[in-house]
Amino acid sequence: MSRAPFLTAQALRKSYPAVTVLRGVSLSVAEGDSFAVIGPNGAGKTTLFKVLSGELFADAGTVTFEGRDVTAMPAWQRVRLGFGRTFQVARVFPDLTAEDNAIVAAEAARRGGVSLAWWPARSVRAAAHAALNEVALFERRSHIARLLAYGDRKRLELAMSLILRPRLLMLDEPTAGMSPPDRAASVELIAALKQRHGMTLVLTEHDMSVVFGLANRVAVLNHGEVVTVGTPEEVRANPTVREIYLGSGHA
Amino acid sequence: MQAAAALAALVMALLLPEIAGQGLVFLAGLLWINMVFGFSWNLMFRQTGLVSFGHAAFFAIGGYGYAVLARAWPGLPPLLVFVAAGALGAVAALVVGVVALRRSLGVYFAIFSLALSQIVAMVISDLPSLGRDDGFAGIRRPVLDLGVATIKLAEGDNYYRFLVLSCALLTLIVWWVTHSRTGRRFRAVQQDAERAAFLGIAVARQRLLCFVIAAAVAAVAGALYGPWLQLLTPELAQWTFSARPILFTLLGGAASFWGPAVGALGFTVLEYATRTLHGVGEITVGGILLIVVLIFPGGIIGGIIGGVRGALGRARPVAGA
Ligand SMILES: Nc1ncnc2c1ncn2[C@@H]1O[C@H](COP(=O)(O)OP(=O)(O)OP(=O)(O)O)[C@@H](O)[C@H]1O
Ligand SMILES: [Mg+2]
């Protein structure tokens, strides 16, 4: 592969007061990849996501984005470079309507400063509506986000992230908490959105059908260390991976 | 409907001196200032989730700032001095906020703001030029030169009317900020700061901005207070005074924009009604407030809305329910 590294992690370490969660994680994601991080519960996937996206800072190691060191950069600045992120448990602004959620995102995307104007700009509303349409939530735009079904909240969160036109979209368990038919639909939706917007994806997921449906590269994390990285086929065939999954599965 | 009610309240406030005695007018003036003070606190609380225990610091900074400026440069246009007092509050909040809002939120910010207000109170108590504990007296009601006419605010009810219009303007400013695009962004930050950060919103900057606006409004309210009472005391910066906007908000209902106004009204009425109960007045007021807040966690407005819903529910039983 001759593509320049798009996102890299080098020797990332992270501890919480009582536990060391990441023990020197190194990864390299190429532009256009759908890069999945898998591993058993507690392996450190979400923590890795937090460190990569800037929600938490690593104790040691570096994160680069398009060759730039972003290790010490707070999340909101990384977002302005092109990061997007959804959470393991969908997070939207609960007391705002779906439409206002999208409008907040659309206004943030334009980086407007202080504005005392009352109504959102026409282009902002249009961008918000387009994004709601993309995830099939336009009809429910006047619903209070807190009262939406969980799957709808997840898609609203996705729409909000998309409005910012991220070049890197990080999805932490995009289908967790969904029914199997919803999961299949989500995989299709995410694949289509990736295609349409030309994004690079980094995701974690427990459901292997989702992983193999989306990812072209897979990293396996166990006890805070990368066990192996490869194509889905390579990873599936790897005996250590089988052991980890069977081991944890029968524990 | 809100606009109509607000306008009606404004007209009644302006006409009050025609029908009421001086004592009541004086009390009403305090009420309008208290309402603005409450609105400014709830702007922070409702829109960005900031809990300040030291909001009185900015009220005092505005009050003393106005008094000092007006005494030092009597030639300055009074409106400019009021604006300068607000700017003083804003600058103080900017300096404090840059430090206090970096990382420390929640209880840290609350304690920090409390400490700040106590420091301001101590400085006032220490500076002879601010009158120390004896207070800063003799604050003149200025003369407004509007080009076409000059209005002596010291005459008749002129200052009262000026006060009402100024408070209405400040209320409009807070209302406008609350409902603006910037207000919506504040609200997003209050609802989920992390989610907001992952939309590229500089959360700390939004909180700082909201804090500065709230401080500026409180400072102008303080500036209006000086010429009304014609006396400023260090207590204005103390925690007991900081507790007022919190009380107004909780009493009236934090979820509504108008909550602090209803709370301030309730508080003033209570205080007035118990004024003759020497010694036990404060306890009575405190006790009643506590009971109201315990019975109606959503404040008076929340209680009324709940009551109306309950009554409607009973009046129109849902078929099959
Ligand atoms: N804030 C925290 N404080 C202390 N320990 C934490 C914290 N967050 C996570 N941990 C611990 O760190 C370890 C890794 O957690 P993490 O959430 O990164 O794992 P994960 O791979 O995402 O797990 P899952 O598959 O369950 O989502 C776990 O043992 C967890 O208990
Ligand atoms: Mg996780």
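Me: Is A:Glu66 buried, partly exposed or exposed?
Reply: In this predicted model, A:Glu66 has a relative accessible area of 41%, and that places it in the partly exposed class.

Me: And A:Arg167, how exposed is that one?
Reply: A:Arg167 is also classed as partly exposed, with 32% relative accessible area.

Me: What do the side chains of A:Glu66 and A:Arg167 form?
Reply: Their side chains form a salt bridge, with an N to O distance of 2.5 Å.

Me: OK, which pairs make salt bridges from chain B to chain A?
Reply: Among them is B:Arg195 with A:Glu157, whose closest N and O atoms are 2.8 Å apart. Another is B:Arg184 with A:Asp100, at 3.5 Å from N to O; here the arginine belongs to helix α7 of chain B and the aspartate to helix α3 of chain A, so this pair joins two chains. A further one is A:Glu107 with B:Arg181, at 3.8 Å from N to O, and it likewise joins two chains, because A:Glu107 lies in helix α3 of chain A and B:Arg181 in helix α7 of chain B.

Me: Which residues do salt bridges with shared partners join into one network?
Reply: The network holds A:Glu107 and B:Arg181, both of which are buried, together with A:Asp100 and B:Arg184, the four being linked through salt bridges that share partners. B:Arg184 counts as buried at 13% relative accessibility, whereas A:Asp100 is partly exposed at 23%.

Me: How much area is buried between chain B and chain A?
Reply: About 2,800 Å² is buried between them, with carbon and sulfur atoms giving 59% of that area, and the contact involves 24 residues of chain B and 35 residues of chain A.

Me: How many polar contacts, and which helices of chain B supply the residues?
Reply: Seven residue pairs are in polar contact across the interface of chain B and chain A, counting pairs with both residues at pLDDT 80 or more. On the chain B side, α6 (158-179), α7 (181-191), α8 (193-197) and α9 (203-229) each supply at least two residues, and α7(B) gives the most, with seven.

Me: What does B:Gln191 touch?
Reply: Leaving out residues up to four places away in sequence, B:Gln191 touches A:Phe93, A:Pro94, A:Asp95 and A:Leu96. B:Gln191 is part of helix α7 of chain B and is buried, at 16% relative accessible area. A polar atom of its side chain lies 2.5 Å from the backbone nitrogen of A:Asp95.

Me: Switching topic: what are the domains of chain A?
Reply: The assignment gives domain 1 (1-82 + 168-251) and domain 2 (93-165), and their centres, taken over C-alpha atoms, are 26 Å apart.

Me: How much area do those two domains bury between them?
Reply: They bury about 1,100 Å² between them, and 68% of it is on carbon and sulfur atoms. On the domain 1 side, A:Arg80, A:Leu189 and A:His197 lose the most area to domain 2, together 37% of what that side buries.

Me: Last one, what coordinates the magnesium ion?
Reply: The magnesium ion (ligand 2) is coordinated by OG1 of A:Thr46 and OE1 of A:Gln88, at 1.9 to 2.3 Å. A:Thr46 is in helix α1 (residues 45-53) and A:Gln88 in the loop between β6 (83-86) and α3 (98-109), so the pair ties together parts of chain A that are 42 residues apart in sequence. A:Thr46 is partly exposed at 22% relative accessibility, and A:Gln88 is partly exposed at 33%.

How values were computed:
Residues numbered from 1 in each chain as written. Chains lettered and ligands numbered in written order. Predicted model: local features only at pLDDT ≥ 70, side-chain atom pairs only at ≥ 80, totals over all residues. Heavy atoms only, no water. Donors = N, O, S within 2.8 Å, 3.2 Å for Na, K, Ca; no water. Helix = DSSP H or I, 4+ residues; strand = E, 2+ residues; numbered from the N terminus. Buried < 20%, exposed > 50% of the residue type's maximum accessible area, 1.4 Å probe, protein only. Domains from an automatic or database assignment. Buried area = accessible area lost by both parts, 1.4 Å probe. Contact = heavy atoms within 4.5 Å. Polar contact = N/O pair within 3.5 Å; in protein donor to acceptor, adjacent residues only side chain to side chain.
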